[in-house]
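Here are my notes after a pass through this model, as numbered points. Keep the viewer open while you read.

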Amino acid sequence: MVDMRFFFVYLITIFFFVFSTVSQSPDQTVENKSLRVLSKTLIGDDGRVYACSDNDFFSFESNGSIAWSVHMDFKCNTGFSPVYSGFNQMLVLAENRILRIDFPKNGTKSEPEMFFDPGETILGFAVSISSSSVYITVKDHGLYAYNMLRQQLWIAEPKTERFGYRLGCRKDYDNCKFDSGPVIDSCEASIYISNNEGELYSLSLRGTYYQWIQDLSLVDRFFTVTPGNNGLVYVVFPTKSLVFALDSFSGDILWQKTVGPLAESSGSNPVIDTNSWVSIGSLDGTLYSFSRTGELHKIPENVEADSMIQVEPLLDCSGNAVYVSQTKLEGKTDRVIGDSTYVSAKKPERAVFSLIVPETRSIHWSHSYSGQSPSLLLDEDLQHFLLDERIVLAFIAASNPGNPFRCRSKHNKLSSSCSFTEPEHLDIYIGNERTIIWFLLFEFVVIVLFAALVRFCFIFWKKQKLQGRPFSAFLDKRRLLHRKRREIDRTITRLQNESTADELAVDKINDLVQERENVKRKLSSTYSLGRDIDASKLKDHVLPLYGGGSRSLSFRNRENESITIFQTHGHESSSSSEESYRDQHYDDDDGVADDENDEGDLKRKQKGKFHAHSEGSSSDDN
C-alpha cells in the first residue's frame, strides 16, 4: 500500500437521515442555518445522551426527547464531549473554562459551577473517577491535576530530568510542550499525553512520575491515543494509516498494522469491546478490527467501492458489539500524488447503520436510511438541532435497536473493564528451552558448591592450630596422628591374636585402646578439617591408675561393689598431674614431642597398673 501522509476529504454536510442539500429549497437552506449545532456526545450509564449547544447543556432520552437542560453563562466548545465526573455531575468545556453541572434533584436544577479557569487555552481534560481527580492540559503550561474539591495536586511538564539525564524533549528542549489532552488508563492507573515533538508520555495518576516515554516521531508527529484497558495502548497515525499496539507497562511496540485511509479530523479514534477487539472505520468503507495479538478481521469482507466510514464506531450497551455508520456515495475517487493520497467524494446517497460483533464478524442488525425516511423519526425536540451521522449514530447506540445481547449494569462494567489487563508474557529465549533449564540448574548447583566452599574456608582458617603457624606443620601433625592410630590398631590386633592372655596383656590392650581414643579425639577436634571442638566435652572421665603407691583405701557399698583408691609417692603424683594436664591439652605444638610424651605416658601407665595389681594381691593375701 502506498504510504499515505495526507487525506483530503471533500464531503457535503450530511443532514438528518443522509441529507442532500441539492434538493433543498432556499427556504430550507435558511431554516438549516438557524439550527443549533450539538457538541460531541456522551452516552451515559443511564442510557441518556449528553451534549451541549451554545450556552445550554442538554440531557436527551434515547428517543431524542430532552430530559432536562441547564443554561450556562459561557458558550460550550462543540469539539469536546461532556465528561462524567461521578456523584451525578458533568464537566463541560466552555470558552476555555471547565464548568461543573449537577444533575437535577427532585426536579430542582442548580446553576453551573466554575471548576477551573486558567485564563489560557485548554487543550483537553479527563477525569479519573477511581482517584476523584481531574487532569487538564493547558497550552504552553503543562498538565494540571486537581481533586474534586478544586485543590491543585501537582503540575507536570514535558521537560524532566532524572539522575542528571534528560527525559523527553530531546530534539528541541526549549520549545517543547504538551499539545494533546490527557487520556486515562484506569486499569493501569496511568495518564497518556504527547508533546509537539511526537513523544508519548506515560505518567502515574498519583504524581509526576514518568513511567516511560516513547518517541514516535520517526513514524509521524500527529497521532491519537486510546487506552485498551487490556494491558495495551493503541496509537493511530491517521496520515500513515497505521495502528500500533504498545505495552502499557513498558511502552514497547508489540505490533503494528496497516489499515485503509483514515479521516484526519474525526473517525480516527478506535473503540475497544469487552472481548479486547479494537475496531476502527476507514474511508474505504471497511471496519478494521484487531484482536489483542494483532489478528485482523475486515468487516464486511466485500465492500462497495463508493462507500466510506468517516465516523468513529460506538460501543453498544453490552460491550460485545459496535454500532457503525457507513455512507454510500454517488462516487469516490482516489488520487496519488507523490507520497500523498487524496480521497474525493461526491454527494452522499444513503447511510447504513449496522450492529457488528468484531470477534465473530457477524452483523446482527443493519438498516439503510435515505432522504426523509419516516422509519428513523426521532422526537421532535431534535428537529431544532443540526444532525449528522455522528449525532444520529449516538442516538441509535443509545436506543440499542436489534441488539440480542443483554446490557451491562454499572457493576458489570466496572468488574469487566480490566478483565484483559494481564499482558501476554513474551518468550525472550530463542534457544532450546530444555537446554536453558538444565543450564540454569547447573548454575544453581555451582553457586551452592561455591558457597559451601567459601563457608568451609572461613571456618577452617579460624582454627587455633593455624594461627601464626605454617599450614604444612598442621598437615604433618595430621599425617603423624593417622600413622600412630594405624600402629596402635596393628598392635592391638597382634596382642589379641597371641595365645597368652595374661593380665598384663589385657591391661596393655586397654591402655592402647585408651590411647587410640585419645588420638581420635585429636583428629576430630584440633587437627580436624572442621571447626575446633572443646576437647573437654569429648574426654571420658575415668579414675586414673597409678603405680608405686604406699597405701590404698577401699570402700564398699550396699551392693557389694568396692572402689579402691591408690596413693603414690610425690614424684609419681607429679607424673600423674603432668599426665592429666596433657590429657586436657593433648593438642601440643610439636608433633614429635607429643608422640614421645604419649609413649612415655603409656609406659608409666603400664608400670603403675603393674604395681597396683601387685599391691592389690598382697592386700588380699593379708
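1. Overall make-up. The chain holds 9 helices and 38 strands; both are DSSP runs numbered from the N terminus, helices being H or I with at least four residues and strands being E with at least two. Bear in mind that this is a predicted model, in which local features need pLDDT of at least 70 and side-chain atom pairs count only at pLDDT 80 or more, while totals for chains, interfaces and linings use all residues. Residues are numbered from 1 along each chain as its sequence is written, and side-chain values use heavy atoms, with hydrogens and water left out.

2. Burial and surface. Of the 622 residues in the chain, 43% are buried (buried is under 20% relative accessible area, exposed is over 50%, and partly exposed is in between, with a 1.4 Å probe and protein chains only). The chain exposes about 33,900 Å², and carbon and sulfur atoms supply 51% of that. Accessible areas come from the Shrake-Rupley method with a 1.4 Å probe; for residues, only the protein chains shown count as cover.

3. Contacts along the chain. Take the contacts (heavy atoms within 4.5 Å) between residues at least 6 apart in sequence: 51% of them join residues at least 24 apart.

4. The largest nonpolar core. A nonpolar core here is a set of buried Ala, Val, Leu, Ile, Met, Phe, Trp, Tyr and Cys residues joined through side-chain atoms within 4.5 Å. The largest one has 24 residues, and L38, F60, Y323, F353, W365 and F385 touch the most other members. Two or more residues each come from β4 (49–53), β5 (56–60), β34 (348–357), β35 (362–369) and α2 (389–399). The top contributor is α2, with 7 residues. Another core, of 16 residues, lies apart from this one and includes L143, A145, W154 and A156.

5. Leaving out residues up to four places away in sequence, W365 touches Y323, F353, S354, L355, I396, P401 and G402.

6. A four-stranded sheet. β3-β4-β5-β6 is the order of an open sheet of 4 strands with antiparallel pairing. Its edge strands are β3 (42–43) and β6 (66–71), each of which pairs on one side only. Strands count as paired if DSSP finds at least two bridges between them; β4 and β5 have 5, in the antiparallel sense.

7. β21 runs antiparallel to β22 (residues 232–237), and 4 bridges join the two. P227 stands opposite V233 in β22. The hairpin has 4 residues between its strands, and N229 in the turn has a positive phi of about 50 degrees.

8. N96, in the loop between β8 (89–94) and β9 (97–102), has phi near 55 degrees, a positive value in a residue other than glycine. N96 counts as partly exposed because its relative accessibility is 29%. C169 also has a positive phi of about 55 degrees without being a glycine, and sits in the loop between β16 (165–167) and β17 (183–185). With a relative accessible area of 0%, C169 is buried. Then there is a cis peptide bond from I299 to P300, with omega near -10 degrees; P300 is in the loop between β28 (296–299) and β29 (307–308).

9. T121 and its neighbours. Which residues does T121 touch, not counting those up to four places away in sequence? They are N96, T137, V138 and K139. T121 is in the loop between β10 (113–116) and β11 (122–128), and its 35% relative accessibility makes it partly exposed. From T121 to H141, 20 residues apart along the chain, the C-alpha atoms are separated by 9.6 Å.

10. A nonpolar surface patch. W438, L441, F444, V445, V448 and L449 together form a nonpolar patch on the surface with about 620 Å² of accessible area. Patches are made of residues with over 30% relative accessible area and no salt bridge; like charges are joined within 9 Å, and nonpolar side chains (Val, Leu, Ile, Met, Phe, Trp, Tyr) within 5 Å. L449 lies in helix α4 (residues 433–460) and counts as exposed because its relative accessibility is 56%.

Terms used
Salt bridge = Lys/Arg side-chain N within 4 Å of Asp/Glu carboxyl O.
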